[in-house]
Amino acid sequence: MEQRRWIYTPLPEPVPITEQVWPEGTLPLVCTRTMAYMHERYIGKCLDGLLMQRTTFPVQVIVHDDASTDRTPDIIREYEAKYPHVLKVVYQTENSYTKPDRLERRAAVRALVDQGKYDAICEGDDYWTDPLKLQKQVQALEADPSVVGCFTDAWNEKNGERTSYMDGVYALRPTKRLLDQRDMVLGQNIPACTVVFRRSAWTTIPRSIAMGTIAGDTVRYVNITRKGPLLYL
């Protein structure tokens with residue numbers, strides 16, 4: 001099924017996704033997913049990190065603004081106007097996070113993300129620093145179909161100073177490269193902005209869990225590792 005759906009001719013070398021042109025109807029191999037809410041101080045840097053990605057495959061950048069009341073939507077619209085072919089945005093008119101029907105309110109976002117073979121997460125107050133991030137991670141996943149996703153370490157930045165996410169307050173740098181579901185249940189504090197995973201690994205979970213948990217990232221990792229391990233790069 002995956003081989004039938006994502007049909008494209010890879011570029012000979014990585015090219016900025018803002019400069020790529022694909023035949024009409026080509027599905028993105030990767031969909032990046034950004035939730036933004038009151039992130040006017042950070043969203044520009046976040047979008048810059050997404051849009052500077054250089055790949056040999058098609059990428060769709062998807063942003064969901066959850067009814068921010070600061071300048072976040074205005075900043076996103078500036079980028080959307082400049083890169084309409086690669087940036088797709090869903091603007092909520094009412095904040096969905098606090099609503100009991102938030103899953104339904106976010107259906108448009110899920111429909112966009114579901115187009116990709118891979119899902120790459122970067123929230124509106126995070127950003128990427130490596131223009132080859134997606135290229136490296138997708139190459140690793142394409143090389144090993146048994147792996148459901150991969151992740152890396154990240155920087156925590158405060159007052160202009162950087163510390164390693166996993167060597168800092170969490171001190172949970174993995175001691176092995178492949179982490180299974182048991183590792184996820186025990187908790188790894190994986191930096192969400194580094195994760196890329198296969199959409200095919202996601203299994204629908206009960207609504208009570210989806211709506212009732214605060215640790216949504218942990219639920220995601222426990223869910224997808226039912227199908228295989230996560231690779232630590």
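**Pairs, burial and rings in a predicted model**

Q: Which residue stands opposite Glu157 in S9?
A: In this predicted model, Glu157 faces Arg162 of S9.

Q: How do you know that S8 and S9 pair?
A: Pairing needs at least two bridges. S8 (residues 155–158) and S9 (residues 161–164) have four bridges between them. The strands therefore count as a pair, and the sense is antiparallel. Two residues separate the strands of this hairpin, and Asn159 has a positive phi near 55 degrees.

Q: Why is Gly44 called buried?
A: The cut-off for buried is under 20% relative accessible area. Gly44 has 16%, so it is buried. Gly44 belongs to helix H2 (residues 43–51).

Q: What is Gly44 in contact with, leaving aside its neighbours within four places in sequence?
A: Ile75 and Tyr79 are in contact with Gly44. The C-alpha atom of Asp125, 81 residues apart along the chain, is separated from that of Gly44 by 9.3 Å.

Q: What makes Ser68 buried?
A: The value is 10% relative accessible area. Buried means under 20%, so Ser68 qualifies. Ser68 sits in the loop between strand S4 (59–65) and helix H3 (72–82). Not counting residues up to four places away in sequence, Ser68 touches Ala36, Tyr37, Met38 and Pro73.

Q: Why is the link between the side chains of Ser68 and Asp65 called a polar contact?
A: The distance is 2.6 Å. The cut-off is 3.5 Å between N or O atoms, so the link counts as a polar contact. The Ser68 side chain also reaches the backbone nitrogen of Met38, at 2.8 Å.

Q: What makes S4 largely enclosed by the rest of the structure?
A: Seven of its seven residues are buried, so S4 is largely enclosed. Both faces are covered. Val59, Val61, Val63 and Asp65 are buried on one side; Gln60, Ile62 and His64 are buried on the other. In a regular strand, side chains alternate between the two faces of the sheet.

Q: How do you know that S2 and S4 are joined?
A: Seven bridges join S2 (residues 30–36) to S4, and the strands run parallel. Arg33 has Ile62 as its bridge partner in S4. S4 is also joined to S5 (residues 87–91), by five bridges and again in parallel. Here Ile62 has Lys88 as its bridge partner. S4, H3 and S5 form a β-α-β unit that is right-handed.

Q: How many aromatic pairs does the structure hold?
A: There are two.

Q: Why is the pair of Tyr8 and Trp22 called edge-to-face?
A: The planes are at 90 degrees and the centres 5.8 Å apart. Tyr8 is in the loop between H1 (2–5) and S1 (15–16), and Trp22 in the loop between S1 and S2, so the pair ties together parts 14 residues apart in sequence.

Q: Why is Tyr8 called partly exposed?
A: Its relative accessible area is 23%. That falls between 20% and 50%, so Tyr8 is partly exposed.

Q: What makes the pair of Phe151 and Tyr232 tilted?
A: The planes are at 35 degrees and the ring centres 5.2 Å apart, so the pair is tilted. Stacked would need under 30 degrees, and edge-to-face over 60. Phe151 in S7 and Tyr232 in S12 are 81 residues apart. Both are buried.

Q: How do you know that the charged end of Arg77 sits over the ring of Tyr91?
A: The charged end is 4.3 Å from the ring centre, and the distance cut-off is 6 Å. Lys133 lies over the face of Trp128, at 4.3 Å from the ring centre.

Notes: Residues numbered from 1 in each chain as written. Predicted model: local features only at pLDDT ≥ 70, side-chain atom pairs only at ≥ 80, totals over all residues. Heavy atoms only, no water. Buried < 20%, exposed > 50% of the residue type's maximum accessible area, 1.4 Å probe, protein only. Contact = heavy atoms within 4.5 Å. Polar contact = N/O pair within 3.5 Å; in protein donor to acceptor, adjacent residues only side chain to side chain. Right-handed = clockwise from strand over helix to strand, strands pointing away. Phe/Tyr/Trp six-rings, centres within 6.5 Å; stacked < 30°, edge-to-face > 60°. Lys NZ or Arg CZ within 6 Å of the ring centre and 35° of its normal.
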